[in-house]
Amino acid sequence: MAESAVLGSISTAGAFTFLVRVDCEHGEAERWAGSAEAEERGFSAMLALLRNAGVPATLAFVGLTALTYPRWVRDGVVAGHAAAGHSHTHARAYAGQPLEWQAADMRAMADAIQAAVGVRPRGVAGPCHGAIDANTLRAAEMTGLEYVLTLEPPAHGSSPAGISLSAPEMGFAPAAGGPASVQVPPAGMRWIWDWTSLQPGWPAFTTLRASEDWQAAVDDAVAEAGLVGLIVHPWIVHTNAGELDAIAGILDYARQRGACFQTFDDVVSQPASTPTPRRTPTARKAGRSL
Ligand SMILES: [Zn+2]
C-alpha cells in the first residue's frame with residue numbers, strides 16, 4: 001500500500017476536518033437506477049474527481065459489491081483511499097438485529113473486502129442511515145473492527161443497554177459503556193450527503209441546494225474546529241446532473257476554509273481530540289496509516 005502516500009493528509013493548525021465517504025453499493029444501483037453500470041461509471045468519475053482534487057476518501061463497500069466487483073476495491077486502494085465496509089448485503093439496518101446476526105454480517109463483509117484487496121477493513125458504515133444499536137458495537141468488536149459510523153445517534157442513554165452511541169468528546173472515541181476497541185463519531189459531527197428523486201420521498205437534486213446545505217455545514221464546522229462527513233453514492237453521482245460539479249465545488253470551498261482532508265482510518269488513528277495540557281501539536285499530527 002505504498003501508493004497511499006500519494007494522497008497524504010494535509011494538516012492545518014486549528015482547522016476543521018473534512019471526510020469524504022463514498023458508499024459503494026451496486027445492488028442499490030440496480031434497484032433504483034436500473035443497472036450496475038451507473039455504479040461503475042459513477043465510481044470511475046469519483047476516483048477521477050478525487051485524484052484531481054488531491055483528496056483521500058473512505059470507500060465503504062457492501063460486501064456483496066466487493067465480491068462481485070473486486071477490481072473497484074483494488075482500484076480505490078491503489079489510488080490511496082481507505083476501504084471500509086457498508087454491511088454485507090445492505091438489506092436492512094443493524095439496529096434491532098440479534099448480536100450474532102450482526103457479527104456474522106460484518107464477518108462476511110470483512111472477508112469479502114479482504115478477498116478483493118488483501119487487507120481487512122478497519123471500520124463499518126451502517127446501512128439505512130447508519131441505524132445501529134449497542135449490539136452493533138459489540139459485533140464490530142467481535143469482528144476486529146475499530147470504528148462504526150452512524151449518522152444520527154439516539155440521545156445518550158436511550159439504547160437498551162444504556163450505552164451511548166456517540167463519542168462524548170470532539171473527536172472519535174469509544175462510546176461510553178461500549179467496547180474500548182471500537183470508536184464512534186462525536187455527537188457534534190456534521191453529516192452531509194447527496195440524494196436522488198429516484199428514491200421515494202426525496203426532492204430532485206440541485207447543485208444550488210446541495211452547495212448551500214453543504215457550505216453551511218462547513219461553515220459550522222469551521223467555527224467549532226469540528227468534523228464534516230460528506231457521503232456520496234456512485235450511482236447517484238452518475239444519475240444526478242450537476243452532482244460532480246457540486247462535489248468538486250464543496251471540496252474547493254472546504255479547502256479554502258482550511259479543511260484537513262482525512263479518511264476515517266486516519267481519524268481513528270489519532271489520539272482523542274479533547275485538548276489536554278500535556279498534548280503537543282505534533283502529537284496530534286497523525287500520518288496516514290498503511
Ligand atoms: Zn447505503
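Student: Which residues in helix 5 and helix 7 meet?
Tutor: This is a predicted model. In it, Leu99, Gln102, Ala103, Met106, Arg107 and Ala110 of helix 5 are in contact with Asn135, Thr136, Arg138, Ala139, Ala140, Met142 and Thr143 of helix 7.
Student: How do the residues of that contact divide into nonpolar, polar and charged?
Tutor: Seven are nonpolar, four polar and two charged.
Student: Now helix 2 and helix 10. How do their axes cross?
Tutor: The axes of helix 2 (residues 37-53) and helix 10 (residues 243-256) come within 11 Å and cross at roughly 25°. Because angles under 35 degrees count as roughly parallel, helix 2 is roughly parallel to helix 10. The crossing of these two helices is right-handed.
Student: Which residues meet there, between helix 2 and helix 10?
Tutor: From helix 2, Ala45, Leu49 and Ala53; from helix 10, Leu244, Ile247, Ala248 and Leu251. The residues of this contact comprise seven nonpolar, no polar and no charged.
Student: Where is His90, and is it buried or exposed?
Tutor: His90 sits in the loop between strand 3 (82-85) and helix 5. It counts as buried because it has 21 C-beta neighbours inside 10 Å, and the cut-off for buried is 20 or more.
Student: What about phi of His129?
Tutor: His129 also has a positive phi, about 60°. His129 lies in helix 6, residues 127-130. With 14 C-beta neighbours inside 10 Å, His129 counts as partly exposed.
Student: Last thing, confidence. What is the mean pLDDT?
Tutor: The mean for the protein is 87, and 82% of its residues reach 70 or more.
Student: Where is pLDDT under 50?
Tutor: One such stretch is residues 8-13, for which the model has 14 contacts beyond four places in sequence. Residues 154-162 are also below 50, and that stretch has 12 contacts beyond near neighbours in sequence. Where pLDDT is low, predicted coordinates should not be read in detail.

Conventions. Residues numbered from 1 in each chain as written. Predicted model: local features only at pLDDT ≥ 70, side-chain atom pairs only at ≥ 80, totals over all residues. Axes fitted to C-alpha atoms, helices over the stretch in contact; angles between N-to-C directions. Helix = DSSP H or I, 4+ residues; strand = E, 2+ residues; numbered from the N terminus. Parallel < 35°, antiparallel > 145°, perpendicular 65-115°, else oblique. Left-handed = near helix turned anticlockwise from the far one by under 90°. Contact = placed C-beta atoms within 7 Å. Nonpolar A, V, L, I, M, F, W, Y, C, P; charged D, E, K, R; others polar. pLDDT = per-residue confidence, 0-100. Buried ≥ 20, exposed ≤ 12 C-beta atoms within 10 Å, placed from the backbone.
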